[in-house]
Amino acid sequence: MRDLVGRTAELDLLRTEVGGAAQRVGVFLHGPPGIGKTALLRCAQELAHDTGMTTLECAGAASEAHVPYAGLHQLLQPLLGDVPDGDHRFTLLRRSVGALDAAADAPDPVAVALATLGLLRAAAATRPLLLAVDDVHWLDPSTVRVLAFVARRIRGDPVLLVCTSRVPPESALTDVLFRTVALEPLDGPGALSLVRAHAPDLPPALRDRLLREAEGNPLALVELARAWRRIPGGTVVTDPLPLTDRLETVFADRVAALPAVGQDLLLLASLTQRTRGASGTGTVTELITAARHLGHAAAAAADLEPAEAADLLDVRVPGVHFRHPLIRSAVARTAGESRRRGGHAALARSATDPDRAVWHRACAATEPDEEVAAALERCADRVRRRGAVRESVEMLERSAALTPDPATRGGRLVTAADHAADLGHEEAVDRLLAEAHELPLTEVDRARAEWRRYRPPEVIGDYTRMRELVTALARLHAAGRQDTALDALAPAAEIAYWRGIEPRCRDLFCGAVEGLVAAPDPRVLTALALSAPVSQARRVRAGIAALGVHTVDDAETLALVGRAAAVVGDAEAATALLLRSVEGLRQQGRLGMLTTANATLAWTCWHLGRWEEAATAARDARQSGLERGRARVAAEVMSSALDAVRADPGAALDRCTRVDGALSATPSATLREMSAFARTTALLVLGRDQEAWDVIQERFTSTDTRPLAESVTSIQHGTLPVYVDAAARVGAVADARAVVARFAGGGADSPLLTASLVYSRAVLAAPEAAESLHRAAVDALAGWPFLRARVRLSLGRLLRRERRVTESRPHLRAARDSFDTLGALAWAAAARRELRAAGEADGHDASTGAPLLTAQEQLIAALAAQGLTNREIGARLYLSPRTVGSHLYHLFPKLGVTSRAQLGQVMPSVDRRPLP
Ligand SMILES: Nc1ncnc2c1ncn2[C@@H]1O[C@H](COP(=O)(O)OP(=O)(O)OP(=O)(O)O)[C@@H](O)[C@H]1O
Ligand SMILES: [Mg+2]
């Protein structure tokens, strides 16, 4: 172990994490330059090494922050060589993080992330893994996204992630459950011992001064001690520079002492990055070649040795690594502008990868150059198709800066703004548009820029701005950019859908949209459906029918039309379309659309009783979605609803609470409605009827005088049955009838609403009409198995209470079987209870006398009886496998069984959950 001063708590933490068998959470160390992050990371590596773990490592670097997957490439390098050739996933991975020139066909970022996860898991199966990631603040965003993706999924695997950064976890990483440690300065005695170790004979006056100025920063302590040790006694040290600059100066002095060729090699290394090809030798070769272009005809690898000897390079691993990032910046900074350009020019000639070569050419250019600018624009396009949007914006901006023709430059800036908008980087959009605004833009680019300036979130409630937006839309249309106009519709309407749009704005928007094209167009239909899912429902459904979608096989069109069908309540058509779209979207790496399509599928499949598919879709959306994206949150809500009915209502409630927390940051009336639905469902399963009613009745009888957004109403078309159930439980039948009458009078053309109304009327019926309405509902609800089974349970109960037990049984049996098929645990149990009350033994009735199990025990027992392992049960219920084991241990005696195998015989009848 290295000799670190202090840091006992941090080292203990690392030791625990490294030693922990499973359930490691990962560590994120952050703090200012030189505070000792890398030093601790190296300790983690040593600890890991001692316990037989394999370490994979990578480090972010400022110069590579724009190269997609540069970090991942470094990290996975040791594994990629052993990947079996036939495995498609890994070939893809090798291609995407490997040679950049293979970027022509775009790998899907999710596929890359999944392949990474697979590769790491496969490696960890032989030996536990440590992923040591240094300087996350400089890591390319694509790599950060993959790491975040992996980190959220490896908790049960023998993989430990330790990261360092100068800033606390941000962007993609904020959702990862790290142990985050902010490194503090060393305390007085620690600092003193460090100085003593490095400069034992420093005069006390100088030493005290050093201790004061270094402020407990280890790098400062070590490096200043080394530098000041050589100062003749009695010299007065003046201090004009802040610490970091001072340290850079210390390093720069050391660089200046090197031979010229060594200095140039360091400069080249500071401008490029390492690890191309096995063991990093590719980089050294590239550097040497570049050095020859700089006039060092005899440059050779040996010329790096003096820099190693001066402690500037780290030779611990093969390749060229700076011993400290400040050395890199010191080298680049002190070289000056023109030497840096020269270095880039040399690297452009020596780079073997075309995209890298273009990047270096662009950095070397001293004046505008259309050829370079155009090459960079093409490169940006390739990079963007690989999912690295942020990097592509940076490249486009640079391309614009190098473009001689002002109009072309403006066009490139507008394109950059478009991409920045995709990322949600509003500040960047503003800046780019402002710059473009000063230029003589073409008619088309001006219209594009104008359209871009109107932010849908700002206009959905502002009539004046909506008018401006509509004008921009028309102008775009008139400028011959009909497609740009049409492409922009769905994203704008999505925002209207989630946030709710003010009615006058909605009408204006819909009017403008309808005017854009004569023939039905999927983009128009989606825009109409999303902004006015109730009033436009009839028109949208007619449009979908007219499109003839069965002949369409383009994933994007399928997704758009499927989404339109879903929001106007045609769950069946929507499901068919969306199921056909998701695979294509995945292959194209259309993540945003994929997430939305899956979240929508979760909703439609729920209503159609296709719960397995709903669960899969919700999970996929949660995996592919942006952390705070609305579609992803919607998927989260649907997972809660599914959990509530199939697994653990308590956990579902917790999840709803987390969702509501997220919603306070990104308000969405529509999501709030969905969340209330999931929460009510869970509360009803738990038998907390009054709470359920309190949550849901407020949604349906809001005293808010503003007209409800149509998207909210369209969600209620699907959640009405839950409202009605809650009303029936608390005896608020009259209220509910009034609400149902209101919906019936709304005139919406929605199959979902029709189904909900049929169900609601049966449940709320007066005694004399109840039986016939129930029977009619059973017939009408053939396509809606969950609603239908509930009606049959209710009908069976009704008949039984009238002592018509023989008539009741077929309905109760059918209900039980449907609930079993769906996996609706509590309802299945309720149907069984009714059946028993109707005099029908269940066949598994031996344990009626079994002592009561808690709700959680029941679930665990039910899942174990289905053959799930403790780990699988834990994953379903958010418990550790050990907790699951301990529950089982306690509940076996209560059930009078001694083994898991016997559970199957007693479980169907032990469910004592409250009646749904
Ligand atoms: N606790 C410590 N005891 C002794 N030396 C230390 C300690 N912490 C750091 N050092 C030394 O201080 C120097 C700077 O530390 P390190 O490189 O880990 O900083 P860092 O936080 O990674 O900085 P940066 O953000 O610039 O990467 C190194 O030479 C390191 O060995
Ligand atoms: Mg460091």
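What follows is my notebook, entry by entry.

**Ground rules**

I'm working with a predicted model, where local features need pLDDT of at least 70, side-chain atom pairs count only at pLDDT 80 or more, and totals for chains, interfaces and linings use all residues. Residues are numbered from 1 along each chain as its sequence is written, chains are lettered from A and ligands numbered from 1 in the order in which they are written, and side-chain values use heavy atoms, with hydrogens and water left out.

**Entry 1: the whole chain**

I began with the secondary structure and got 46 helices and seven strands. Helices (H or I, at least four residues) and strands (E, at least two) are DSSP runs, numbered from the N terminus. Next I looked up burial: of the 916 residues, 55% count as buried. Buried means under 20% relative accessible area, exposed means over 50%, and partly exposed is in between (1.4 Å probe, protein chains only).

The accessible surface comes to about 36,900 Å², and 53% of that belongs to carbon and sulfur atoms. These areas come from the Shrake-Rupley method with a 1.4 Å probe, and for residues only the protein chains shown count as cover. I also checked contacts (heavy atoms within 4.5 Å). Among those between residues at least 6 apart in sequence, 70% join residues at least 24 apart.

**Entry 2: ligand 1**

Which residues come nearest to ligand 1? Of the 20 around it, I noted Gly34, Lys37, Thr38, Ala39 and His324. A residue is near if one of its heavy atoms lies within 4 Å of the molecule or strand in question. The shell divides into 11 nonpolar, four polar and five charged residues. Here Ala, Val, Leu, Ile, Met, Phe, Trp, Tyr, Cys and Pro count as nonpolar, Asp, Glu, Lys and Arg as charged, and the others, Gly among them, as polar.

Then I went through some polar contacts. That term is for a pair of N or O atoms within 3.5 Å; within protein, one must be able to donate a hydrogen and the other to accept it, and residues adjacent in sequence count only if both atoms are side-chain atoms. An oxygen atom of ligand 1 sits 2.7 Å from a polar backbone atom of Gly34. For Gly36, I found an oxygen atom of ligand 1 at 2.9 Å from a polar backbone atom. Taken alone, ligand 1 exposes 630 Å², and the protein buries 91% of that.

Helix H2 (37–50) and helix H9 (218–228) each supply at least two residues of the shell, and H2 gives the most, with three. Why does ligand 1 lie between domain 1 (8–182) and domain 2 (188–239)? Both domains give residues to its shell, so ligand 1 lies between them. The domain bounds come from an automatic or database domain assignment.

**Entry 3: helix H14**

Is helix H14 (residues 325–335) largely enclosed or largely open? Eight of its 11 residues are buried, so H14 is largely enclosed by the rest of the structure. Among the buried ones are Pro325, Leu326 and Arg328.

Arg398 lies in helix H18 (residues 389–401) and counts as partly exposed, at 33% relative accessibility. Leaving out residues up to four places away in sequence, Arg398 touches Trp359, Ala362, Cys363 and Leu376.

I moved on to Thr403, in the loop between H18 and helix H19 (406–423). Thr403 is buried, at 0% relative accessibility. A polar atom of its side chain lies 2.6 Å from the backbone oxygen of Ser399.

Asp135 has a phi near 55 degrees and lies in the loop between strand S3 (129–134) and helix H6 (141–151). Arg803 has a phi near 65 degrees and lies in the loop between helix H40 (785–801) and helix H41 (805–822).

Are these two buried or exposed? Asp135 is buried, with a relative accessible area of 6%, while Arg803 is exposed, at 74%.
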